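Here is a short tour of a two-chain model, written to be read with the structure open beside you. Shall we begin with how the chains meet and then look at some local details?

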Protein chains: 2
Amino acid sequence: MIRIAADLGGADRPQQELIEGAVRAVRELDDLYLYVTGDAKALSPCVEGVERLELVDAPEVITNSEDPTEAFKNKKNSTLIRALELCKSDADIGGFVSCGPTGAIFVASMMLLGRIARVSPMLLVELKRADGTPICIVDCGANVDCRAEKLVDFARMGTAYMKAVGIADPVTALLSNGAEDKKGSEVVKKANALLRESGLNFSGNTEANGILEGSADVIVCDGFSGNVLLKSIEGSGKAVIAEWRRLAAEAGIKDSASEQIMQRLYQKYDHNTQGGAVLLGTRLPVIKGHGAATSETVCNIIKSACKLAANGLTDKIRQEFN
Amino acid sequence: MIRIAADLGGADRPQQELIEGAVRAVRELDDLYLYVTGDAKALSPCVEGVERLELVDAPEVITNSEDPTEAFKNKKNSTLIRALELCKSDADIGGFVSCGPTGAIFVASMMLLGRIARVSPMLLVELKRADGTPICIVDCGANVDCRAEKLVDFARMGTAYMKAVGIADPVTALLSNGAEDKKGSEVVKKANALLRESGLNFSGNTEANGILEGSADVIVCDGFSGNVLLKSIEGSGKAVIAEWRRLAAEAGIKDSASEQIMQRLYQKYDHNTQGGAVLLGTRLPVIKGHGAATSETVCNIIKSACKLAANGLTDKIRQEFN
């Protein structure tokens with residue numbers, strides 16, 4: 001049985017709606033046991049008769065407008081803190097998901113779960129190539145100014161993550177402004193040299209236009225460039241689709257099949273509502289869904305957390321650092 | 001009469017093909033006088049009877065595989081050096097275009113044209129919003145590691161450029177990993193503070209997903225992030241189109257009107273072959289077309305150079321720095 005804790009507070013949509021995703025996840029995964037923190041009174045009618053789903057009452061929520069450190073100190077009865085306290089006290093819990101505010105999740109996870117060895121926590125986002133295979137970007141925003149050594153740590157964590165999702169020997173590439181080793185900022189050039197000697201399956205530098213259809217599974221960058229990369233993939237995808245719709249309307253194209261494809265592509269490029277960012281480097285994998293998450297998002301991120309726990313992500317990270 | 005020098009050597013396609021774009025440009029612009037450096041023997045049949053187009057014989061070309069500094073020293077009879085020598089000796093020439101290798105253009109332009117005052121040269125790329133209005137990204141790759149003061153210089157040059165293409169009071173935004181002033185790397189946070197006091201029309205930070213449909217005309221970033229941004233816009237646009245084509249084929253959609261729109265969008269996102277990067281900060285504006293340029297690219301970049309010269313770009317840059 002894989003045990004996962006889920007915090008449903010602090011998102012845009014009501015907990016009563018989001019819990020439907022949690023219910024779906026336990027129904028679809030026979031080996032999942034789920035703890036859900038939230039407003040027990042409001043939520044209990046939604047989970048009546050649902051097996052392997054345990055409600056944990058947490059009357060407070062932490063919102064995006066609060067200072068993360070203050071909220072951590074003062075809101076011990078919040079959905080976020082109660083869920084993480086549970087993870088801390090119960091060694092059988094293998095993963096944690098939340099749609100709450102990123103800053104608070106980050107601070108509270110660091111304080112209550114602790115780090116793996118000497119690793120700096122970072123945010124990983126998984127994207128899909130056109131053929132559906134996964135790639136990941138590390139770091140996506142947790143570490144804005146990085147030394148070269150930190151980029152190598154990101155590569156190791158990204159490699160462990162890809163192994164946990166089923167890629168046997170993940171290829172790592174370093175995001176740069178040119179494919180040659182000598183291209184890049186001073187930090188990137190140094191990171192390239194360190195990665196060449198790291199023992200990782202490192203293919204060299206990659207430019208940003210070679211990522212979505214490229215052969216690298218792990219894209220390494222600092223949190224600033226990672227954020228630029230991720231957000232511009234999202235923005236460009238949406239811009240192309242918006243332009244297609246405008247031009248199609250002008251041309252009088254009323255093709256519902258094409259529009260259906262566009263809707264599929266829009267959802268794909270709307271990463272935020274689809275999957276979630278994974279906080280790596282804490283003792284348990286933490287998956288953070290977007291604040292605009294739907295019950296589908298909740299179901300998806302619970303399933304992802306379950307898979308990462310079942311495949312021993314934390315142990316795989318430890319192995320990469322040994 | 002606006003005088004422009006064009007170098008047709010060092011690109012992927014033969015000079016005889018590229019010169020067709022030069023001929024078209026002088027035919028379409030009555031106030032353009034064009035100097036073209038290239039293999040005069042091969043090119044003269046192509047320009048017979050064409051007015052306001054003067055061939056300057058330059059038997060050598062500089063290729064992408066050569067060291068820029070070595071090439072500058074040794075290839076005085078190359079299309080690139082001959083064109084820049086012409087610009088240096090004739091004060092009436094108002095702009096220079098080339099489809100040769102970026103590094104060699106950069107080095108030779110710095111050496112032969114010289115800088116405007118204390119400004120560090122940088123690369124600007126112009127993109128189009130969905131409604132066709134222009135935005136520019138500065139720097140796109142010339143300055144990889146930058147101090148905050150340099151980012152303010154980029155903002156001033158970008159503002160001057162946008163004024164030269166007809167935007168009365170361009171809005172500048174700073175690329176960051178969050179919209180709030182406190183978000184960003186140490187350099188970006190400092191640049192935000194400097195831009196707030198710069199007298200420029202500064203709207204604050206922008207995330208990468210807010211650029212293509214945003215209100216900022218000038219996007220300021222270091223050359224590393226600018227390259228990531230530009231390349232990922234290109235890569236994502238192409239990936240969406242490739243996925244649409246695959247899904248449309250699978251769904252059995254055979255709609256030539258939709259495919260025509262996709263071709264238009266593909267060309268738009270294929271920046272490299274469409275326009276060119278503008279080297280700003282040298283005494284003359286230098287437009288660098290991609291190595292894969294076609295005769296259409298050549299025609300477009302000559303017209304752009306003509307417009308920038310006619311609108312006094314260099315004077316506008318000087319004004320922004322006074």
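Two residues are in contact if their C-beta atoms, placed from the backbone, lie within 7 Å. With that in hand, 98% of the interface residues of chain B are also interface residues in chain A, so the copies meet through the same surface.

A word on what you are looking at. This is a predicted model, in which local features need pLDDT of at least 70, side-chain atom pairs count only at pLDDT 80 or more, and totals for chains, interfaces and linings use all residues. Residues are numbered from 1 along each chain as its sequence is written, while chains are lettered from A and ligands numbered from 1 in the order in which they are written. The model scores ipTM 0.91 and pTM 0.92. For chain A, the average pLDDT (the predictor's confidence in each residue, from 0 to 100) is 93, and 98% of the residues score at least 70. Where pLDDT is low, the predicted coordinates should not be read in detail.

**How the two chains are related**

Two copies of a chain are related by a rotation about an axis and a shift along it.

**The interface**

Chain B gives 47 residues to the contact and chain A gives 46 residues. On the side of chain B that touches chain A, helix H8 (223-250) and helix H9 (256-269) of chain B each supply at least two residues. H8(B) makes the largest share of that side, with 22 residues. By type, the side of chain B that touches chain A divides into 23 nonpolar, 14 polar and 10 charged residues. In this count, Ala, Val, Leu, Ile, Met, Phe, Trp, Tyr, Cys and Pro are nonpolar, Asp, Glu, Lys and Arg are charged, and the others, Gly among them, are polar. Helices (H or I, at least four residues) and strands (E, at least two) are DSSP runs, numbered from the N terminus.

**Helix packing**

The table sets out two helix pairs that span the chains. Axes are lines fitted to C-alpha atoms, for helices over the stretch in contact, and angles run from 0 to 180 degrees between N-to-C directions.

| Helix pair | Angle | Axis distance |
|---|---|---|
| H8(A) and H8(B) | about 35° | 8 Å |
| H9(A) and H8(B) | about 135° | 10 Å |

H9(A) is therefore oblique to H8(B); angles under 35 degrees count as roughly parallel, over 145 as roughly antiparallel, 65 to 115 as roughly perpendicular and the rest as oblique.

Which residues bring H8(A) and H8(B) together? Among them are Phe224(A), Val228(A) and Ile233(A) in H8(A), and Phe224(B), Val228(B) and Ile233(B) in H8(B). The residues of this contact divide into 12 nonpolar, 8 polar and no charged.

In the other pair, Ser258(A), Ile261(A), Arg264(A) and Leu265(A) in H9(A) meet Val240(B), Glu243(B), Trp244(B), Leu247(B) and Ala248(B) in H8(B). Their contact residues divide into 6 nonpolar, 1 polar and 2 charged.

Inside chain B, the axes of helix H6 (residues 148-164) and helix H12 (residues 313-320) come within 8 Å and cross at roughly 140°. H6(B) and H12(B) are therefore oblique to each other. Residues including Arg156(B) and Tyr161(B) in H6(B) meet Leu313(B), Lys316(B), Ile317(B) and Glu320(B) in H12(B). This contact of H6(B) with H12(B) divides into 6 nonpolar, 1 polar and 4 charged residues.

**Backbone details**

In chain A, the peptide bond from Val138(A) to Asp139(A) is cis, with omega near 5°. Asp139(A) sits in the loop between strand E6 (134-138) and helix H6 (148-164) of chain A. In chain B, the bond from Val138(B) to Asp139(B) is cis, with omega near 5°, and Asp139(B) lies in the loop between strand E6 (134-138) and H6 of chain B.
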